[in-house]
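The exercises below are meant to be worked with the sequence and the model side by side. Try each task before reading the solution that follows.

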Amino acid sequence: MSAANARRCTLSDFEENMTPQDGLIAVMMAVSASDERIRTPELVTIERIVNHLPAFANYDQNRMPDVSSVVFDHFAEEDGLDSLFETVRRALPERLYETAYALACDVAVSDGRLGEIELRLLEEIRYELKIDRLHAAAIERSARARHMIP
């Protein structure tokens, strides 16, 4: 077995055993990577979230590179976004769907730019995680308010 195939098998095993925290990170990484540019403010936001939110209190941060690899592998596939959402839904309990969307919004606005690709991905996240439009608007508004520059 080649090294690439061995890595793919390892990632597949990892993906099957993703934790809810891994699922939250996958959503944040997907938003950050959606425009094919992972910006420093987005990475800093993800790091801040993982370091400070109670949902990540006991999270093993050594898992983050594997979560990123899973996201990038899905992005490289045709219909990869659909399979990424399957993976995320499998990892996340439904009660964390709004949390995932809120974290995605925080990452999306963190660099001060909200491009069309990020907006489309946020729309897809709302759809895939069945986020009510009114709830989504409140989450989006609060993310915008938290990242407003005086």
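The expected span of a helix is 1.5 Å times one less than its number of residues, and helices (H or I, at least four residues) are DSSP runs numbered from the N terminus. This is a predicted model, in which local features need pLDDT of at least 70 and side-chain atom pairs count only at pLDDT 80 or more, while totals for chains, interfaces and linings use all residues. Residues are numbered from 1 along each chain as its sequence is written, and side-chain values use heavy atoms, with hydrogens and water left out.

**Exercise 1.** Which residues of α7 are buried, and what covers them?

Solution. Taking buried as under 20% relative accessible area with a 1.4 Å probe and protein chains only, the list is Glu118, Leu121, Leu122, Ile125, Arg126 and Glu128. Their cover, judged by contact (heavy atoms within 4.5 Å), includes α2, α3 (40–52), α5 (80–91), α6 (97–109) and α8 (133–146).

**Exercise 2.** Describe the largest cavity by its volume and its lining.

Solution. A cavity is a set of points on a 1 Å grid over the protein atoms alone where a 1.4 Å probe fits but cannot get out, and lining residues have an atom within 4 Å of a point. The structure holds one cavity of 30 Å³ or more, and the largest has a volume of about 40 Å³. Its lining consists of Ala26, Val27, Ala30, Leu81, Leu84, Phe85, Val88, Leu121 and Ile125. The elements that each give two or more residues to this lining are α2, α5 and α7, with α5 giving the most, four residues. By class, the lining has nine nonpolar, no polar and no charged residues.

**Exercise 3.** Where is confidence lowest and where is it highest?

Solution. In pLDDT, the predictor's confidence in each residue from 0 to 100, the protein chain averages 88, and 93% of the residues score at least 70. The lowest mean, 61, belongs to helix α1 (residues 3–16), and the highest, 96, to helix α2 (residues 20–33). Over residues 1–7 the pLDDT is below 50, and this stretch has four contacts in the model beyond near neighbours in sequence. Where pLDDT is low, the predicted coordinates should not be read in detail.

Terms used
Buried means under 20% relative accessible area, exposed over 50%, partly exposed in between (1.4 Å probe, protein chains only). On a 1 Å grid over the protein atoms alone, a cavity is a set of points where a 1.4 Å probe fits but cannot get out, and a pocket is an open set with protein on both sides within 12 Å along at least five of seven lines; lining residues have an atom within 4 Å of a point. Grid points are joined across faces, edges and corners, and a volume is the space filled by probe spheres set on the points. Ala, Val, Leu, Ile, Met, Phe, Trp, Tyr, Cys and Pro count as nonpolar, Asp, Glu, Lys and Arg as charged, and the others, Gly among them, as polar.
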